[in-house]
Amino acid sequence: MLSKFFPRIKALPLTEKTRSRDAFVYLDRYQKIFGWAATDDRKWRIPYALWGICINLLLIFLLPISMLVSYIQMFKSFTAGEFLSSLEITVNMYGCVLKCLYTIWGYKGFLAARKVLDHLDLRCTSDEERSSVHRCVALGNMCFVFYHILFSGFVVGNWTAYILMGKHAWLMYLPGLDAERNYFTTSLCELLLMGGVVTMEQCTDVSPLAHMLMARCHITLLKNRLSNLRSDPNKNEEQHHEELRKCIQDHRLILEYVNKLRPIFSGTIFVQFLLIGIVLGLSMINLMFFSTFWTGLATVCFMFDVCLQTFPFCYVCNMIIEDCRELSERLFQSNWLAASRKYKSTLIYFLHNLQQPIILTAGGVFPICMQTNLSMVKLAFSVVTLIKQFNLAEKFQ
């Protein structure tokens, strides 16, 4: 059903040309809407640059400021549930600002990484390898659509729940509009503004996941090539050595691809690691002590979306570490015993390099893996436990 509206989420047949960079089709479209990409048409460069400045100034800088102004002006009118519902979004929004800036700053890095992907695609000559690329491309686009449905679902669900109660979902400060007199206008503005900033955050969260999925795709293809080394009896020793040399080149390209993305993802995931415990803690307090059924449902959706910002990416990073370990095993288990001395010396050099796994770090401090992610999530439970022990929630009810 979804494939009718988003055809890229379905693996295309081998008769149609598909490149690894096609995994970012939907991601690129939204980034162009927000002015994060460059336009090739010189005629539209200045209007596009002006549009990018305006939309980013509104969503990245002015909107977070308006949330703070609303706290100052309407703090006494907040209920505990409304305040927490707004605060959890605001904290996440300020993190989104930093992640967006890292993503915009890393635009040239993304372009360079995709050129490396084009070189890796040249090695995918068999139908089996091309089919694997097609499936991973579809998976990358599917991730964007899946995130878009869930992130948008939270915004619409939370907004609808408060509309049914006759209240504003986030109580934003909108200059020139009175929240009481222009209730429906201000509510609609809140929906559009929050939808825009959440979609921006979605782009910063899907980008690391989609790019590392394609890295893992080519690592998997390299594993299969290593297993097949010296398996063709019709090739001579020089041809076998050439195959090994090409595998070494593939590995270098994969490392180059990851290294071009490393500084960008290091910053975005570091920010998210710092936020996840705080945001989930605020959400759990709101859910357990102050939510109604409908606002609680929206809060659960928000908590799930916050977990999506790091869990899938950390899981893929864990899988890549495991794949790197298998690379050295596949090479060692290949048919090299009867090989020439030249082949064996090259294999030893390659084997040494393969034993160093691809590990990403957040801010150069935390290794990006499931263990780090779970450690950050535990902070949320610590906050809730502290609230319960001191009965702080009852004082605000």
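This is a predicted model: local features need pLDDT of at least 70, side-chain atom pairs count only at pLDDT 80 or more; totals for chains, interfaces and linings use all residues.
Two packed helices are described by the angle between their axes and the distance between the axes. Here the pair is helix 6, residues 127-164, and helix 9, residues 293-308. Their axes lie 9 Å apart and form an angle of about 155 degrees. Angles over 145 degrees count as roughly antiparallel, and helix 6 and helix 9 are therefore roughly antiparallel to each other. Their crossing is left-handed.

On the side of helix 6, the residues in contact include Phe146, Tyr147, Leu150, Phe151 and Phe154. Helix 9 meets them with residues including Trp294, Ala298, Cys301, Phe302 and Asp305. By class, this contact has 13 nonpolar, four polar and one charged residues.

Rolling a probe the size of a water molecule over the atoms shows where empty space is left. In this model the count comes to three cavities of 30 Å³ or more. The largest cavity has a volume of about 130 Å³. It is lined by 13 residues, and Ile89, Asn92, Val198, Glu201 and Phe302 lie nearest its centre. Helix 4 (80-105), helix 6, helix 7 (183-227) and helix 9 each supply at least two residues of this lining. Helix 7 gives the most, with four residues. The lining of the largest cavity divides into nine nonpolar, two polar and two charged residues.

The second largest cavity holds about 50 Å³ of space. Its lining consists of Arg8, Lys10, Ala11, Leu12, Thr18, His134, Val137 and Ala138. By class, these are four nonpolar, two polar and two charged residues.

Definitions and conventions:
Residues are numbered from 1 along each chain as its sequence is written. Side-chain values use heavy atoms; hydrogens and water are left out. Axes are lines fitted to C-alpha atoms, for helices over the stretch in contact, and angles run from 0 to 180 degrees between N-to-C directions. Angles under 35 degrees count as roughly parallel, over 145 as roughly antiparallel, 65 to 115 as roughly perpendicular and the rest as oblique. A crossing is left-handed if the near helix is turned anticlockwise from the far one by less than a right angle, and right-handed if clockwise. Contact means heavy atoms within 4.5 Å. Ala, Val, Leu, Ile, Met, Phe, Trp, Tyr, Cys and Pro count as nonpolar, Asp, Glu, Lys and Arg as charged, and the others, Gly among them, as polar. On a 1 Å grid over the protein atoms alone, a cavity is a set of points where a 1.4 Å probe fits but cannot get out, and a pocket is an open set with protein on both sides within 12 Å along at least five of seven lines; lining residues have an atom within 4 Å of a point. Grid points are joined across faces, edges and corners, and a volume is the space filled by probe spheres set on the points.
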